[in-house]
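User: I have a two-chain structure open and would like to understand the words used to describe it. Could you take me through them?

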Amino acid sequence: MIPKGYLMRDPTAETAAVQRERLTPPADLSGATIGLLSISKERSAEFLDYVEERLTGRGLNVLRFEKPTHTKPAPESVLQEIIERCDVVVEGLAD
Amino acid sequence: MEYLVIVKRDCETCQMVAPVLADLQNVSTLTLYSQDDTTFPEATGGALDDTSLEESWRHNVEIVPTLIRIENGRETTRTEGWDRADWVRVTGINALGENLPVFRPGCGSKSVEPGMPERLALKFGNMHFESRAIEVDEMDDPAEVAYDRGWTDGLPVIPATDLRIARMLAGTTRKPDEIIGDIPPNLIPCTVEKAAINAVMAGCRPEYFPVVLAAVDAVLKPEFSMHGLLATLWFSGPVIIVNGPVAKRIGMNSQGNALGQGNRANATIGRALQLIIRNVGGGRPQEIDRSILGNPGKYTFCFAEDESDPDWVPLNLARGHAAGTSTVTLFHGDGVQGVADQKSRDPESLARSLALALWSVCHPKLAQWSHAILVLSPDHYAIFREGGWGRAEIEAGIWQALKRPGHEIVEGAGGVEEGIDPARADEMIDKFHPGGLLVVRAGGVGGLFSAIIGGWTAHRRNEDVQIVSQEIGT
């Protein structure tokens, strides 16, 4: 049955994003493994080297990761490895 | 014997066969429908009402009169128009219409007038759409509802009613439920139906729809990197160059103002692609679209190459497609930069001149950072042509003229810190990666100007980000 008024079709994916709860940040970083993900843009590594130096200087455990290219999303394998091995991740750098 | 006949008063052949229908009524069971006037034919005492065209649609009538023989409730044979021998064959009555001409063609059925088959299929058939129906209150304006829901690029859209969607879908042979691919950034599967809805909203005519679908197919190739193009800080958006017979068939502009406004096909095909990315993929400015400034071409950027000179090798042929095929070529492009050269009279000077201007792409001291399109106007092209240069010579000539000593453009040279790696000071530097300069012909006469469309800075990773071409299907 056609309702009164005017009907038009939805051009969107009809998948309004479900609101996701943010993870609670850790109270402190002691004992945490921190992942540093380079997006492979120029000078990403340089920036993350500095971050790593600061973190390891505080006695924290740091692991490094890299996307193959900043022009595409990170491959699932990279994301899963970070999830598996890290408690916290820092991603950078876009210029 | 039982017959079904469909006529309309507004058809001289129907009027001519009226006495025949009266004769048929006397000797058989005749079900007679009129598409426009139930008092017609007077000779039969009028006809049943098919002004809704339901019976005409159900019986696939294309011509009136149509005579259908029905046996045991099923059609066994039919004839269209007036062909006495054929009416005799269908009815088995030899004395039918003996005083009429042997043959007279019928008229078009009202059920096949433009747009009518889709209207009738929606009303009487089982055509339905999967996409959510949004009801607009009688007091509301559909265009405003589309704005409120965030469905537009800032300009008004045509509301996607079922009839408009059905007509759009009639422009392609692809099935409405076919999944074209996953649209970035949210990687949402997009059906042909969803694409049709967005094409309607963009203002496309149904005959443009295969070009829109080809453009979507093209940007979804992984090597095009549509996700990155959407998300980039840079100015670029997808630029569509159309080649082949389709451009003329659907009335695209490759002449004066080809890169500008005013042509429906140019304007709406590019816009449809952007609306699909926005609405289906969820790619919106200041969200995943991180462009710091954007460019007006992100509303729409689509034009056809001028293929009127038989000596010119069109872009799609140069890219390996067969002659006579229609294609889209998708480029990651910025706005338009004009180049004036009104003094060069030989190809060598003009090539050097255009090369000078091309060095400004991205930055005059950066090389192999972004590709570019050079849109050669007819008047500039004429200088090359008169000098005996075709596509190959033009490309090679400009490429050669683009070489520059590294020391001129290294970091710090000329008092500018930006520049190429100082380690390359002693090299001769190419401005572009191989294949990174597309030469395309378009435009009107009267100006010794051409245009540069700069490319995306991610072109510096030329394995990751590639220009793509795609044949346009049906």
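Analyst: Happy to! Let's begin with contact: two residues are in contact if their C-beta atoms, placed from the backbone, lie within 7 Å. Helices (H or I, at least four residues) and strands (E, at least two) are DSSP runs, numbered from the N terminus. For angles, axes are lines fitted to C-alpha atoms, for helices over the stretch in contact, and angles run from 0 to 180 degrees between N-to-C directions. This is a predicted model, where local features need pLDDT of at least 70 and side-chain atom pairs count only at pLDDT 80 or more, while totals for chains, interfaces and linings use all residues. Residues are numbered from 1 along each chain as its sequence is written, and chains are lettered from A and ligands numbered from 1 in the order in which they are written.

User: Which strands does helix 1 of chain A lie across?

Analyst: Helix 1 (residues 44-57) of chain A lies across strand 2, strand 3 and strand 4 of chain A, and runs at about 170 degrees to strand 2 of chain A.

User: What makes strand 2 and strand 4 of chain A a pair?

Analyst: Two strands pair if DSSP finds at least two bridges between them. Strand 2 (residues 33-38) and strand 4 of chain A have five, in the parallel sense, so they meet that definition. Within this region, A:Leu37 stands opposite A:Glu91 in strand 4 of chain A.

User: Why do strand 3 and strand 4 of chain A count as edges?

Analyst: The open sheet has three strands in the order 3-2-4 (chain A), paired in parallel. Strand 3 (61-66) and strand 4 (88-92) of chain A each have a single partner strand, so one side of each lacks a neighbour in the sheet.

User: What links the chains?

Analyst: Contacts join 34 residues of chain B to 18 residues of chain A. Strand 1 (residues 6-9) of chain A also pairs with strand 10 of chain B, antiparallel, over four bridges. There, A:Leu7 has B:Glu135 as its bridge partner.

User: Why are helix 5 and helix 7 of chain B called oblique?

Analyst: Their axes come within 9 Å and cross at roughly 125 degrees. Angles under 35 degrees count as roughly parallel, over 145 as roughly antiparallel, 65 to 115 as roughly perpendicular and the rest as oblique. Helix 5 and helix 7 of chain B are therefore oblique to each other. Residues making this contact include B:Leu122 of helix 5 and B:Ala166 of helix 7 of chain B.
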